[in-house]
Amino acid sequence: MRIPENVAEIIASFFVRDFQSMPDTMWTSETEIANVVTMYDVDGSVSAYSCELETAGDETGYVVISAYPDSENVILEFSDTAAPFLAPFGDM
């Protein structure tokens, strides 16, 4: 069983809301998910979701959510300033 995209968006939203209280973060109450990119493993199975974020129309990072609910860390990586590195398939 895997976490579906809509649940990954909810997890990312809660993470962003919690992170807003940290000093020097770019995320505010206006931060929202602008796009979700599904990520796949080498076998073509869904492995994670990259939730790309915007704040007042500006790109403000991303949160990658694991598709595996039993993962030790559901949040695989995040940044409130950088864009995710998503290489086109075949460029690896």
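1. Ring pairs join F15, F19, W27 and F78 into a cluster. Two rings of Phe, Tyr or Trp (its six-membered ring) pair if their centres lie within 6.5 Å; planes under 30 degrees apart count as stacked, over 60 as edge-to-face and the rest as tilted.

2. The model is predicted: local features need pLDDT of at least 70 and side-chain atom pairs count only at pLDDT 80 or more, whereas totals for chains, interfaces and linings use all residues. Residues are numbered from 1 along each chain as its sequence is written, and side-chain values use heavy atoms, with hydrogens and water left out.

3. The count of aromatic pairs comes to six. One of them, F15 with W27, is edge-to-face, at 6.2 Å centre to centre and 75 degrees between the planes. This pair links distant parts of the chain, since F15 belongs to helix α1 (residues 5-19) and W27 to the loop between α1 and β1 (31-40), 12 residues apart. Helices (H or I, at least four residues) and strands (E, at least two) are DSSP runs, numbered from the N terminus.

4. W27 counts as buried because its relative accessibility is 2%. Its ring also pairs with that of F78: the centres are 6.3 Å apart and the planes stand at 50 degrees, so the pair is tilted. Here the loop between α1 and β1 is linked to strand β4, across 51 residues. F78 is partly exposed, with a relative accessible area of 36%. Buried means under 20% relative accessible area, exposed over 50%, and partly exposed in between (1.4 Å probe, protein chains only).

5. S79 is found in strand β4 and, at 13% relative accessibility, is buried. A polar atom of its side chain lies 2.9 Å from the backbone nitrogen of A82. A polar contact is a pair of N or O atoms within 3.5 Å; within protein, one must be able to donate a hydrogen and the other to accept it, and residues adjacent in sequence count only if both atoms are side-chain atoms.

6. D80 lies in the segment after β4 (75-79). D80 is buried yet has no salt bridge, and the nearest side chain of opposite charge, R17, is 12 Å away. A salt bridge requires a side-chain nitrogen of Lys or Arg within 4 Å of a carboxyl oxygen of Asp or Glu; Lys and Arg count as positive and Asp and Glu as negative, while His and the chain ends are not counted.

7. The side chain of D80 instead makes a polar contact with the side chain of T25 at 3.2 Å and reaches the backbone nitrogen of M26 at 2.8 Å.
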